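User: Hi! I am new to protein structures and would like to learn how to read one. Could you walk me through this one?

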Amino acid sequence: VMRERAGQELARPLDLARIPNAAKISPLFASEITRRGDQTFMLPVVWGYDSVIYNRDRMPENDPLTQSWGVLFDDRYAGRVALRDDPYQSICLTALHLGIRSPETMSAADLTRVTQFLISKKRNFRTLWGSFAEAVNLMSSREVDAVFGWIPMRAALQAQGMNVTNNWPREGLLVFTHSAFIPRESRNVELAHAAINAALSEEFGRQLGAETQYPVTNGAVAASFTEADQARLGYDVEKRGIPLHRYAFPAAMDRWIEAWARFKAA
C-alpha cells in the first residue's frame, strides 16, 4: 500500500479530525499506525492471534506442554494433532518452538534445521488441514484433540458445546492486526472516513467480539468486558508475560515454500 517513496502510496492520507475514535486505539497498537512524515495512512482496527486450539477434556490445561507450541510435536500426542498445510504459518511457529526469535529473518541453516525437525515429527500429525471447515470438523468429530488454529475456530467449536480453548505458547504468541485505509482512487472520501470511524467504535468492537471473538484495537472495548471475558478473548495478553511475535513475511519466502515441499514429500 505504501510503496517505496512518498507520493507513490496507494492510499490517501487520513483526516484524523474525521476519525475521532482513532484516539481510542490502545497504546499496544500505536506502532501499527502507518505514517509517513506528518501524514497518517492506515489505522489498525482488528487484531488477533493464532495458537493451538485444544480439547480441555483430552489435554490438561495447566500442563506446561499444553501451553507451548510443543504440544503439536510431542510424541505424547502423536496422531492426535493437526497442522495447517501452509509454509508461512507452520514454519513460523516451528521456528519459535525451536528458539528462533525472529523466524522471518532466520538463516538458511536455521531454515534447514526447522525443516529437518518438521520431517522428524511428520508421523505425529494426523493430517495437514487446508480449510477452516476441515480444521473445525477434525476437532468436532474428535479425530484430533488439537490443531493449529484461528480465533473463530475456537468460537465455532464452543458454539457446538465443545470444551475447547486456545493455548498461550510460552515461546511466543503469533499476533496480527488488520488495518483500515482509503484507496487513492476512492470517490467517496467522506463516507470512507465515517466507515473507518465506525469500525473503531465501541459498538462495533463489542459486537464483533460477540459474533467472532476477534478483539479490536479500541482500548475502551477491552475495558467494557469483565476480567474473565478479557482473559477468554485475549485482551489480557500483555499481562500473561509471554512474547508477542507480530507476523512479518520473510524476504526469502521462496525458500520457505521449497522447505515446506521437502517436508511434505518426505
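Analyst: Happy to! Let's start with the inside: the largest nonpolar core has 47 residues, a nonpolar core being a set of buried Ala, Val, Leu, Ile, Met, Phe, Trp, Tyr and Cys residues joined through side-chain atoms within 4.5 Å. Buried means under 20% relative accessible area, with a 1.4 Å probe and protein chains only. Leu72, Ile91, Leu118, Trp129 and Phe148 have the most contacts inside this core. The model is predicted, so local features need pLDDT of at least 70 and side-chain atom pairs pLDDT 80 or more, while totals for chains, interfaces and linings use all residues. Residues are numbered from 1 along each chain as its sequence is written, and side-chain values use heavy atoms, without hydrogens and water.

User: Which helix gives the largest share of this core?

Analyst: In soluble globular proteins, nonpolar side chains tend to be buried together. Here, helix 1 gives the largest share, six residues; helices are DSSP runs of H or I with at least four residues, strands are runs of E with at least two, and both are numbered from the N terminus. A second, separate core of 31 residues includes Ala22, Ile151, Trp168 and Val175.

User: How do I describe two packed helices?

Analyst: Use the angle between their axes and the distance between the axes. Helix 1 (residues 87-97) and helix 9 (residues 253-265) pack at about 85°, with axes 9 Å apart. Axes are lines fitted to C-alpha atoms, for helices over the stretch in contact, and angles run from 0 to 180 degrees between N-to-C directions. These two helices are therefore roughly perpendicular, a term for angles of 65 to 115 degrees.

User: Which residues of helix 1 and helix 9 make the contact?

Analyst: Contact means heavy atoms within 4.5 Å. Helix 1 contributes Pro87, Tyr88, Ser90, Ile91 and Cys92, and helix 9 contributes Met253, Trp256, Ile257, Ala259 and Trp260.

User: Is strand 2 enclosed by the rest of the structure, or what is its setting?

Analyst: Strand 2 (residues 39-55) has 16 of its 17 residues buried, so it is largely enclosed by the rest of the structure.

User: Where does strand 2 pair with strand 7, and over how many bridges?

Analyst: Two strands pair if DSSP finds at least two bridges between them. Strand 2 and strand 7 (residues 173-180) are antiparallel over seven bridges, and Trp47 stands opposite Thr177. Five bridges join strand 2 to antiparallel strand 5 (residues 146-150), where Val147 is the bridge partner of Ile53.

Key
Angles under 35 degrees count as roughly parallel, over 145 as roughly antiparallel, 65 to 115 as roughly perpendicular and the rest as oblique. Buried means under 20% relative accessible area, exposed over 50%, partly exposed in between (1.4 Å probe, protein chains only).
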